[in-house]
Amino acid sequence: MKRFIPLYFLFLICAFPSAWAQGNGKITGKVVDTQSKEALEFATVSLYRSSDSGRQLVDGSITDQNGNFSLSAPQGNYELVVEFMGYSPKRIGDVKVAPGANPVNLGDILLDASAEDLDEVVIQGQRNMMELALDKRIFNVGKDLANIGGTATDVLMNLPSIAVDPEGNIRLRGSENVRILVDGKPSGLVSFKGSSGLQQLPANLIERVEVITNPSARYEAEGMAGVINIVLKKESAQGFNGSFEGILGNPTNYGFAANLNYRHNKINWFINYGLAYRKVPRVGDLRQDIANADTTFYSEQFTTGTVNSINNNIRAGLDYFFNDNNILTASYLLRRSDAERITDIRYEDYSPSGVMDSYALRRQIEDEKEPNSEYNVSFKRSFEESGHELVASVTFLKYWENSDQVYTEGAFRPDGTPIPSRSLLQTSLNDEFEDQWLFQLDYTKPIGKEGNFETGLRSSFRDMENDFNVSEQTETGEFVPLPGLDDIFLYNENIHAAYAILGNKSNKLTYQAGLRAEYTDVKTTLVRAGEVNPREYMNLFPSAHLTYNVSPDDAFQISYSRRIRRPFYNDLSPFMTFADQRNFFSGNPDLDPEFTDAFEIGHIKYLERGSIFSSLYFRDTKDKIDRIRRVDEMGNSITIPENLVGERAFGAEFTTDYQLADWWKMDLNLNFFYADIDASNIMDLYQTNTYSWFTRLTSRFTIANAVDLQIRGNYEGRQRVAQGVRRALYFADISASKEVFNGRGTLVLNVMDIANSRRNRFIFEGPGFVTVGDILPRRRQINLSLNFRINQNKATAKKSDILGDD
């Protein structure tokens, strides 16, 4: 591998000619903020030529994530216009394109914030919450009032295309198979706990979220529905600036956050800190009807619980600017969560006639510690030609969790008389460890007048260990491990990838094709049982994107990508959850990966007062991974993931943000989809199809005296799954904010889930059982927060502080 990398890059630097075609000339440049020198993504760049009939548009483009643009035009003299919301337009006249000449590089084009007096005007410029590109959407979440005082999970719940169920599981366009990244890299927050781990990350540390529904080959192939990238805050303006935030809430939610930055000449320092103390109550009930050859009966289950947690997040780092073309970045992130979980369950058992036979009371007390560290070093080299870059990075993640649990259970007759033979005292000790190294190298080179070539390498090495023990007290007082629940589970995963993307532009048509190769080596081991399960596979993942620009504000795109979902740690671990004595969840070491072919047609239209995004999509999934529930004759259930034959899903999505009046802005997201689920390999009855839809409507009103009001409604329709139905979910939030301290501070009051209606309701059916559940994991939350900014005005404020009404 060490000998291969230099040869590989020598090949791609030398193997392609410097130009593909003659004829039109090429105009390039980079759009940046005058004060911060930060690249401005999605700025509109238009090229005009004067004629007898007036000014004529020749070509147009939108800047990429690095602020770069590229235009094409025949020989002649032109005027170039650059526009971006919150900034004054920039006009550059007498841009000459000569036949056979080198590309015209305009260098950095500086845009000034459109304030009359930057010393007196504070955060008046506002940026759209949603910025649309055809391969991704970027959501600037800092000004969404409903996010303030919440967590990363709350942020995602408030975004179009994304749904978060009451248990914290995240779905993108109806699918839970979505890859979640933090700052473009894997995070320990979503390792052991999955997406529910994002509840430990405060929302006020997040700058923006990128939603990529059909990723190109530059992204890892993991995630059937796409990729969600959470970008944390980091300032780059000269001098010292920062912000502070305090939070009070009911149920208990106390928090503090600080985002500080200091830049002087070549060094930029940044530090973010978040502290949160929360008490999260939950309630739920479950009814299970059992029918077998001998008898029928049913049981009811009522659950109440509270999680008390203290979460600390600190992130610090620096950027060192050797010069404008060479930047070294180093960062460190430490998260620690300490939690106490108390859960009480009441089981009631009934005869077929409805008479109670007995009831049982079970209590879980858990103490949990979770330290999590992440280290990152990256180097970016920008060459003389605009868009010619080399980026290398190394990341190390270290995660540890210790869980110490005690379960007590007592059974009683209907009159309250104890049944000593059914009394239980159990303990569970659970230690989980993870180490992961990630190496990545990305290279981008413009080719010819309109072309671009990208390539890269990526290797990850992940080692995870779970030392698990569940013991039960015998009549003699001795604790004895339960069979199958005293072992060490090892998960070793190595993934190596290489990709290449080639793109070009011809007039209004832009096209790009890519190919990614990934080699996967996974091994799971049950140490004491001596069970070893190795897996190796090599896969190719093509992608293609075709864009037609009707005008700079109107474009269509057709895209395709192949995706994979690998069985992960929790999918494969054979250990069962034990908080509920009658309903168990476990992994499946025999799972195979699932593969998806994803197709999408998208359209973007920018209007004078808003924007419209619409798309049609289709996903064909083979060996789909889903959880299957089985219930034995005693009424005890176990749910494990299994491979189904597959799923075919069709959908349509519509998203718009529109300024109805100077004081009223509205965002609307609609998503309709159809899915055909085939689980006939599990049981012939497990074949179903479902129609469902979800919608989110947000209105923001600007009231006199610097007061804003925001109202949001959410609805997710009833949806069939392989074994039953997930019932409709609906809830509403309301928020209000007021500028204080002469515009340097913001006071925000928000109420989430006003009516306590965000409930997880379901019906599961299988051979001999019907299960009906209704769970409210989080009750209505009321938060009051105060944010104060230092040296963050319109010209220097962090993006997330001038994002505008989302």
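## A quick tour

Let's start with one piece of this predicted model: an open sheet of three strands, ordered 4-1-7, where the pairing is mixed. At the edges sit strand 4 (68–73) and strand 7 (104–111), and each of them pairs on one side only. Ignoring direction, neighbouring strands here are turned by 25° against each other on average.

**More on that sheet**

- Strand 1 covers residues 25–33, and six bridges tie it to strand 4 in the antiparallel sense.
- If you want a spot to look at, find lysine 30: across from it in strand 4 is asparagine 68.
- As background, strands of a sheet pair through backbone hydrogen bonds, and they can do so parallel or antiparallel.

- Strand 31 and strand 32 (residues 637–643) run antiparallel and are joined by seven bridges.
- Look for arginine 630 here: its bridge partner is isoleucine 638 in strand 32.

**The chain as a whole**

- Zooming out, the protein chain has 43 strands and three helices.
- Of its 806 residues, 54% are buried.
- Take the contacts between residues at least 6 apart in sequence: 67% of them join residues at least 24 apart.
- The protein chain exposes about 34,000 Å², and 56% of that comes from carbon and sulfur atoms.

Key: Residues are numbered from 1 along each chain as its sequence is written. This is a predicted model: local features need pLDDT of at least 70, side-chain atom pairs count only at pLDDT 80 or more; totals for chains, interfaces and linings use all residues. Side-chain values use heavy atoms; hydrogens and water are left out. Helices (H or I, at least four residues) and strands (E, at least two) are DSSP runs, numbered from the N terminus. Buried means under 20% relative accessible area, exposed over 50%, partly exposed in between (1.4 Å probe, protein chains only). Contact means heavy atoms within 4.5 Å. Accessible areas come from the Shrake-Rupley method with a 1.4 Å probe; for residues, only the protein chains shown count as cover. Two strands pair if DSSP finds at least two bridges between them. Axes are lines fitted to C-alpha atoms, for helices over the stretch in contact, and angles run from 0 to 180 degrees between N-to-C directions.
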